[in-house]
Amino acid sequence: MTVREVLRAYTATHENAETKGEGGHASSVAPAATVAAGRAAQELGIRRAEFELAVHLGLIDVLGAPGGGRPRVPEDEIARLREQPGFPDALVERVRTVGTAQGAALLDIAPARFTRLARAGCVSPVTFYLNRYRAVVWLYLADELAAFAAREPELLAGRTPPGMRMMLESGADWRARNWRSQRIDRLLDRTTDLWARTAVQASALDPVQLAEVVDDPYERAYLVRVRPEPVFGRPGSMAAREAMAELMLADDPDEILWRRVNLTLELDSAREDRPAPRPGDDGGAPATPPARTGARPRAVRTAAPAAEPAAPLAPPACAGAPRSAVGGRTARRGLLARLGWRGRGAG
C-alpha cells in the first residue's frame, strides 16, 4: 500500500469522529487529503530547502493545521505541480538561489559591482545564512537576477550613475531593508485577518517604537499571539534566530516612519473589525477553518497607504537620482502627529 493509500484509509476511518457537528450530524466539508512537508518534497523531487523557499514565495499551496500544528500539503496541490510543463526542473529553477560570486558570474560582472548593485537596492535578497564567522551572507533568486539584467542592462557596464555613487559613498545598504519589505509583503499575502496583518506590520518595529503607536498593552500582547510566522524555514540555531530578530527591525528613520504609518492604518482597520481580547474575555479571535496559503492569491482587505505607494521602500539609485523613501509627509501632518513622530534615529 502506498503512502497516499494509507493516508486516504486513515482519513476515511476517522472522518466521522473528526467532522461531526452539533447534534451528531457530519460536516458537509470533508478534510482534504494531505501529506507532510518532507513527503511532499520527495514527491515533488526537490530538496527540503527548495521546498521551503517555494512555500515562502507562494509557489506551493499549503494547508494550515488545526491547533497550530505543522502545515501540510494537499495532495491535489502536488498533482497540480507535477502536471506543470517542465516539472520538476522548472520548479527547481524558480527557487534557485545564488550568492554574490555566483550572482556576479550569472550577470557577467565583477563581484564588487554586484555588491554595489545589491547595496543600492537594484537586486534584493530573498534569504540569508550565517557563515562560520556568524556574518550574514545574502542569497538572491537567480530568476530575479536574470530579469534585472534584461531590464537594466546599462547598470551592468560602464560608470556607476551619479545618484547611485552618491548613495553608496554615504554608506547606504538596502539589502536588509529590501529583504524585510519582501518578507512582510509575503506574510501579508498569507492572511486576511486584520489583527494578524497588524501584527506583521508591528514586527518591523522595536518595543519602544511599537509602544508609541500601540499604547494599549493588551493589544500589544494580542499582536504577539496572532503574528503570522514563516510557514517553514525558521532559523534553527540561536545565532541564526538572533540574526533574524535583528534583521527584522527597521533601522532607518524613513523606513521606521513608513512602518509606523502602515501599522497605524492596519490597527485602525483591526479595531473596527473587532476589539482585541481583554482579561476575562471568553474568546479571542473568531475560530476559522484551516486555510490554504501560498500559490493562489485572495482578495484581502487592506488599509490604504498613507503615503506615495511607489516610493516607500523602492530604492532610487537604480533610477539615477536619490529621493526620500517616504513621500507626502507634509500632506499627513495629522497622522504623523498622532504617531508621535519626532524623527527618532535621525541623529
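**Exercise 1. Find what share of the contacts between residues at least 6 apart in sequence join residues at least 24 apart.**

Step 1. Contact means heavy atoms within 4.5 Å.
Step 2. Take the contacts in the protein between residues at least 6 apart in sequence. Of these, 75% join residues at least 24 apart.

This is a predicted model, where local features need pLDDT of at least 70, side-chain atom pairs count only at pLDDT 80 or more, and totals for chains, interfaces and linings use all residues. Residues are numbered from 1 along each chain as its sequence is written, and side-chain values use heavy atoms, without hydrogens and water.

**Exercise 2. Describe how helix α6 and helix α7 are placed.**

Step 1. Locate them: α6 spans residues 100-107 and α7 spans residues 111-119. Helices are DSSP runs (H or I, at least four residues), numbered from the N terminus.
Step 2. Their axes, lines fitted to C-alpha atoms over the stretch in contact, come within 8 Å and cross at roughly 100°. Angles run from 0 to 180 degrees between N-to-C directions.
Step 3. Roughly perpendicular covers 65 to 115 degrees. The two helices, α6 and α7, are therefore roughly perpendicular.
Step 4. List the partners. Thr100, Gly103, Ala104 and Leu107 of α6 meet Pro111, Phe114 and Thr115 of α7.

**Exercise 3. Examine Asp108 and the loop between α6 and α7.**

Step 1. Asp108 lies in that loop, between α6 and α7.
Step 2. Its phi is near 60°, a positive value in a residue other than glycine. Most residues other than glycine have a negative phi.
Step 3. Asp108 has 71% relative accessibility, so Asp108 counts as exposed (over 50% relative accessible area, 1.4 Å probe, protein chains only).

Terms used
Parallel < 35°, antiparallel > 145°, perpendicular 65-115°, else oblique. Buried < 20%, exposed > 50% of the residue type's maximum accessible area, 1.4 Å probe, protein only.
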